[in-house]
Amino acid sequence: MKRSRIAHCAGASLIEVMLALALMAVNAMGLIAMQLWTSRETVALLQREQAVFLADAIAEAANEGQAGSGAARVTQWQARVAQLLPKGLTEITRGGGASLVQVRWARASGLSASATPESCGESAGTADRACAVMVFVP
């Protein structure tokens, strides 16, 4: 009688172990997905930070442009935008009492549309680009 009772309970611990391993695997996959999302968001944040810094530097150089050497500095900063940001482009718009510096770059691959700022008012065909805008008064 004792032997049949042992045989009846023998598979229960194996099922419990398999269930525990399945739960651990699901949790591990969730943690991995969260780490990937965090790293993508960090890349997007660093690109936005660089773009704002570069837009500010271009605005300062453009303010000096009326003094003489500013145009050369603007060109240097625009070249730096192209180097530091993927497909980085800059545009300076002058008009009225204020001027505008736009820095555009390609979004990092794998990022959702909500991960980076809205476009600078272009058509819907430029959804893979992000931008930073700096307004300054010369």
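In this predicted model, in which local features need pLDDT of at least 70, side-chain atom pairs count only at pLDDT 80 or more, and totals for chains, interfaces and linings use all residues, Ala51 touches Leu85, Val103, Trp105 and Ala132, not counting residues up to four places away in sequence, where contact means heavy atoms within 4.5 Å. Residues are numbered from 1 along each chain as its sequence is written, and side-chain values use heavy atoms, with hydrogens and water left out. The protein has three helices and three strands, which follow one another from the N terminus in the order α-α-α-β-β-β; helices (H or I, at least four residues) and strands (E, at least two) are DSSP runs, numbered from the N terminus.

**Overall composition**

- Of the 138 residues of the protein, 24% count as buried, a class defined by under 20% relative accessible area, with exposed meaning over 50% and partly exposed lying in between (1.4 Å probe, protein chains only).
- Among the contacts in the protein with a separation of 6 or more, 55% come from residues 24 or more positions apart.

**Packing of H2 and H3**

- Helix H2 (residues 12-64) packs with helix H3 (residues 70-84) at an angle of about 165°, and their axes are 7 Å apart; the axes are lines fitted to C-alpha atoms, for helices over the stretch in contact, and angles run from 0 to 180 degrees between N-to-C directions.
- H2 and H3 are therefore roughly antiparallel to each other, given that angles under 35 degrees count as roughly parallel, over 145 as roughly antiparallel, 65 to 115 as roughly perpendicular and the rest as oblique.
- The crossing in which H2 passes H3 is left-handed, a term used if the near helix is turned anticlockwise from the far one by less than a right angle, whereas clockwise gives right-handed.
- On the H2 side, the residues that meet H3 are Gln50, Phe53, Leu54, Ala57, Ile58, Ala61, Ala62 and Glu64, while H3 contributes Gly70, Arg73, Val74, Trp77, Gln78, Arg80, Val81 and Leu84.
- By class, this contact of H2 with H3 has 10 nonpolar, three polar and three charged residues, where Ala, Val, Leu, Ile, Met, Phe, Trp, Tyr, Cys and Pro count as nonpolar, Asp, Glu, Lys and Arg as charged, and the others, Gly among them, as polar.

- Ala51, whose place is in helix H2, counts as buried at 0% relative accessibility, and its C-alpha atom is separated by 6.2 Å from that of Val103, 52 residues apart along the chain.
- Gln47 also lies in helix H2 and counts as buried at 10% relative accessibility.
- The side chain of Gln47 makes a polar contact with the side chain of Trp105 (3.2 Å); such a contact is a pair of N or O atoms within 3.5 Å, of which, within protein, one must be able to donate a hydrogen and the other to accept it, and residues adjacent in sequence count only if both atoms are side-chain atoms.
- Leaving out residues up to four places away in sequence, Gln47 touches Leu85, Pro86, Trp105, Ala106 and Ala108.

- Glu91, in strand S1 (residues 89-95), is partly exposed, with a relative accessible area of 35%, and its side chain makes a polar contact with the side chain of Arg104 (3.2 Å).
- Glu91 and Val101 are 10 residues apart in sequence and 5.8 Å apart in space, C-alpha to C-alpha.
- Ser99, in strand S2 (residues 98-106), counts as buried at 4% relative accessibility, and beyond its neighbours within four places in sequence Ser99 is in contact with Thr93, Arg94, Met134, Val135, Phe136 and Pro138.
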